[in-house]
Amino acid sequence: MSPLPSSLIANQAESIQIETLELLEWPRLCQHLATFTATKLGAIVARQLPIPSDRATSETLLAQTREAWELERSATGGLNFGGVADIGSALDRATRGGVLAGDELLEVATTLSGARNLRRAIDQREDLPALAALVEELRTYPELEQEIHYCIDDRGDVTDRASPKLAEIREKLRAGRDWIYQKLHNIMQQHSNAIQEPNISQRGDRFVIPVKASHKDVIRGIVHDTSSTGATLYVEPHTITEQNNRLRQWQRQEAIESEIVRRKLSEQIAEVAPDLERLLAVATELDLAAARARYSFWIEGNAPRFIDSGETLTLRQLRHPLLIWQQKHEQGRDVIPIDVRVDPTIRVVAITGPNTGGKTVTLKTLGLAALMAKAGLFVPAREPVELPWFSQVLADIGDEQSIEQNLSTFSGHIRRIVRILDALQPTPVTTPTPDPSPDKGLKPLAPDDADANEALDGDEVNGLGVIETVAAPDFAPFADRPVAAQSIASLVLLDEVGAGTDPAEGSALAAALLETLADRARLTVATTHFGELKTLKYRDSRFENASVEFDDQTLSPTYRLLWGIPGRSNALSIARRLGLDEAVVTAAGDRVGGQSEDINRTIAGLEAERRRQEAKANEVAHLLQRAEFLHEQIDRKAQTLKEREEQLKQTQEAAVQKEIERARGEIAQVIRQLQRGTPTGQQAQQATAQVGEIAQKFLPSQQPKPKPKGYKPQVGERVRVPKLGGAAEVLAIDEADEEITIRMGLIKATLSFADVESLDGKKIEVQKPEPKPAPPPKAKERSILRTSSNTLDIRGARVADAEIEVEQAIDRAISADFGCLWILHGKGTGKLRDGVRAHLKTHRLVERFEDAPREDGGTGVTIAYLR
């Protein structure tokens with residue numbers, strides 16, 4: 001059979017990847033993420049969140065999420081997206097020569113201001129390199145924003161000052177309306193008996209007055225409307241008809257002149273449209289980063305680290321993100337976490353056990369965790385979160401049965417598995433053992449907003465348990481087993497592999513498929529009911545078993561996954577406890593055979609032994625926790641005693657000091673007596689010597705206290721790791737990089753000195769070379785005298801306009817190397833002064849500001865000193 005064309009393989013690969021996203025319910029997670037965005041455009045992009053096709057992009061997104069997380073936790077709060085609007089359609093129309101409406105122009109101005117505030121918030125901190133790289137070359141065009149605010153008011157109307165001709169036309173309109181109002185008031189006063197009510201109204205753009213139908217001949221004019229009862233006629237008197245006509249002409253002229261102003265602004269926007277599109281894209285990226293941080297905080301996630309080949313996949317206390325949403329928003333049941341630790345030599349994990357035990361939800365949890373890490377989201381698991389960067393996540397989950405397409409359950413599964421194998425694109429190699437290497441990865445995907453193909457099974461909502469994988473022993477006969485294809489960094493998830501057909505053939509097909517995937521994929525996790533798949537572990541060191549625990553007493557699953565123990569059949573025990581005739585159960589057991597019963601008893605014994613070991617481990621952990629608690633109590637008591645001793649010493653010193661002061665008072669009295677000539681000088685000298693002896697005897701020495709020696713751990717010593725909440729053994733120490741390698745149970749990690757302390761709470765001493773004193777900077781003389789060049793007059797301006805003018809003036813002053821900027825804002829109500837000073841207070845180029853001297857304007861002038 002000839003191989004498939006590369007274009008067809010690519011289309012099938014993209015198809016199975018999109019289908020996998022739906023099977024894992026990725027669109028639902030994106031909908032949840034969209035609720036944490038702050039802008040309309042950010043929500044649209046979040047609902048179709050693309051998945052990066054390369055590891056570098058994922059690393060960048062995670063760095064942005066981490067920095068946005070730090071901003072959210074800071075005292076100033078997260079990023080503020082006030083004013084940022086979706087101006088994409090307005091920019092598109094402006095570039096095509098269209099004229100933007102007043103409210104659209106205002107949205108452009110507020111978006112420029114909002115982007116400038118975002119950049120300012122990021123620039124004020126030095127620990128945000130990823131976010132700073134986004135806004136580094138952002139252009140916010142303050143002069144364009146100022147021009148828009150000058151020409152467009154807050155309601156979106158063109159202002160009078162935007163055009164002298166427009167101001168003249170509007171003055172005529174106001175005068176014409178005033179003349180009409182005055183004329184109509186006079187008519188209503190002269191013919192008050194003919195007026196239904198003394199109100200002036202409009203019909204269309206014509207001014208009219210309500211006239212009684214019975215008096216229509218009293219006030220002659222044009223009838224524009226009639227009341228519903230016919231008793232009132234809305235009449236335009238002939239005396240104002242000519243003036244109404246003039247008003248219509250002036251209104252048309254006003255509309256034309258307003259359009260000229262808006263067209264001019266639209267053309268200015270069109271000239272810088274590429275920069276504004278980039279600005280909008282950056283604002284959206286910042287919004288997505290903030291949304292990822294907020295969502296990650298909400299699900300109590302931690303930042304993942306992508307591991308290389310040879311490192312262990314570690315996901316402790318991993319929870320399903322959609323179940324977390326269900327628990328918090330829909331009063332769902334508590335989510336039971338799972339622990340996953342897969343050795344790098346493991347390629348296939350086969351999970352066996354009864355239905356509704358949590359196998360399918362486990363698959364979805366692993367798949368979503370891999371996708372979240374790729375998309376820059378934190379993973380809802382405890383630190384450390386370490387997993388490979390999977391170039392592809394491919395899944396076959398659920399029933400693919402279709403009457404319309406004449407597909408059975410088995411046929412549907414096989415068709416999907418065929419596409420999974422095509423997507424892996426194996427390359428023939430001669431390497432004796434699998435060698436994972438990253439593929440080019442997925443193209444950015446944009447899943448639609450449709451509901452996922454398969455919702456969570458109601459019986460499996462809590463179907464999560466504990467997986468702790470340990471590397472299977474290396475069997476020498478299979479160490480040099482030849483492989484058919486090179487492994488790529490893909491994650492494959494198979495639910496009920498080989499199901500839907502004859503058990504013997506399905507089991508054989510499933511075994512062959514898993515062996516093929518062991519050669520082609522980085523990790524495959526499959527659920528099955530076939531007992532034959534349990535033996536693969538003992539023939540190939542790349543396989544491992546896991547099983548869903550079942551409680552024989554309650555006849556229900558415990559939602560725990562036991563690593564290394566294959567699942568056992570529970571059908572006969574369930575049937576017996578549910579009351580099926582014993583003769584029938586016995587006959588069934590005879591048909592199964594004694595060997596199967598022996599295997600089940602062996603597995604049951606292994607499970608019982610595991611439970612006993614877990615109970616002992618829990619008891620040891622409890623004793624260790626108790627010992628650490630007692631140790632902390634002793635430390636606190638020792639610290640309390642030390643503080644009490646220090647307080648007592650201070651009290652004694654105060655009492656001694658008081659006695660010395662009293663003695664000095666006596667000396668002063670003796671000196672006064674000497675001045676009067678009564679005592680002798682020899683007596684005064686003796687008194688002074690006595691006071692000195694008292695001070696030397698009771699006052700503590702003033703020598704500086706030596707610095708306490710820092711703690712230095714030794715290899716083999718036990719230390720405390722606060723982040724992991726327990727003690728660990730020291731394996732290695734790297735003083736050059738200030739890192740320490742520890743082992744806590746099955747966990748082996750390398751941490752910095754700052755993350756480790758002694759059992760009594762002492763931090764590790766870091767030997768740092770003393771920095772050489774930097775030469776004093778040369779003083780740069782800059783003029784602070786007031787001149788016309790460094791003086792800005794903003795009297796009469798609005799606060800928003802004034803801030804823009806001050807921003808531009810500061811840039812000019814920095815370029816001209818002025819030492820300060822004199823800002824004339826006047827006294828008035830003080831609103832303009834307060835607004836300007838609030839802007840100066842947050843400006844990174846302003847060192848300080850103050851009122852000008854009284855002779856130079858006092859509080860009406862602010863002097864801003866520049867850095």
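Predicted model: local features only at pLDDT ≥ 70, side-chain atom pairs only at ≥ 80, totals over all residues.
Q317 belongs to strand 6, which spans residues 313–318. Its phi is positive, at about 55°, although the residue is not a glycine. Most residues other than glycine have a negative phi, and most peptide bonds are trans.

Y141 likewise has a positive phi without being a glycine, with a value near 45°. This tyrosine is placed in the loop between helix 7 (129–135) and helix 8 (142–151). With a relative accessibility of 8%, Y141 counts as buried. A further backbone feature is the cis peptide bond between E383 and P384, for which omega is about -5°. P384 is part of strand 9.

## Overall composition

The protein has 867 residues, of which 42% count as buried. Its secondary structure comprises 21 helices and 22 strands. Among contacts with a separation of 6 or more, 71% are between residues 24 or more positions apart. The accessible surface amounts to about 46,600 Å², and carbon and sulfur atoms contribute 51% of that area.

## Aromatic pairs around W69

A pair of aromatic rings is described by the distance of the centres and the angle of the planes. The structure contains 7 aromatic pairs. One of them joins W69 and F297 in an edge-to-face arrangement, with 5.7 Å between the ring centres and 70° between the planes. Because W69 lies in helix 4 (residues 55–73) and F297 in helix 11 (residues 273–298), this pair ties together parts that are 228 residues apart in sequence.

F378 is buried, with a relative accessible area of 3%.

## Aromatic cluster and charges over rings

Ring pairs also connect F36, Y295, W298 and W325 into a cluster.

K374 lies over the face of W389, 4.6 Å from the ring centre. The charged end of R848 sits over the ring of Y865, at 3.9 Å from its centre.

A350 is found in strand 8 (residues 348–352) and counts as buried, with 4% relative accessibility. When neighbours within four places in sequence are set aside, A350 is in contact with A526, E544, N545 and A546. The C-alpha atoms of A350 and H529 are 9.8 Å apart in space, while the two residues are 179 residues apart in sequence.

E25 occupies the loop between helix 1 (6–23) and helix 2 (26–34). This glutamate is buried, with a relative accessible area of 0%. Between E25 and L368, which are 343 residues apart along the chain, the C-alpha separation is 8.3 Å.

Strands of a sheet pair through backbone hydrogen bonds, either parallel or antiparallel. In this protein, an open sheet of 4 strands has the order 15-16-17-18 and antiparallel pairing. Strand 15 (718–721) and strand 18 (747–752) form the edges, each pairing on one side only. From one strand to the next, the twist averages 45°.

Strand 17 (residues 739–744) and strand 18 run antiparallel and are joined by 6 bridges. Across from T741 stands T750, which belongs to strand 18.

Note on methods:
Residues numbered from 1 in each chain as written. Heavy atoms only, no water. Phe/Tyr/Trp six-rings, centres within 6.5 Å; stacked < 30°, edge-to-face > 60°. Helix = DSSP H or I, 4+ residues; strand = E, 2+ residues; numbered from the N terminus. Buried < 20%, exposed > 50% of the residue type's maximum accessible area, 1.4 Å probe, protein only. Lys NZ or Arg CZ within 6 Å of the ring centre and 35° of its normal. Contact = heavy atoms within 4.5 Å. Pairing = 2+ DSSP bridges. Axes fitted to C-alpha atoms, helices over the stretch in contact; angles between N-to-C directions. Areas by Shrake-Rupley, 256 points an atom, 1.4 Å probe, with all protein chains shown as cover.
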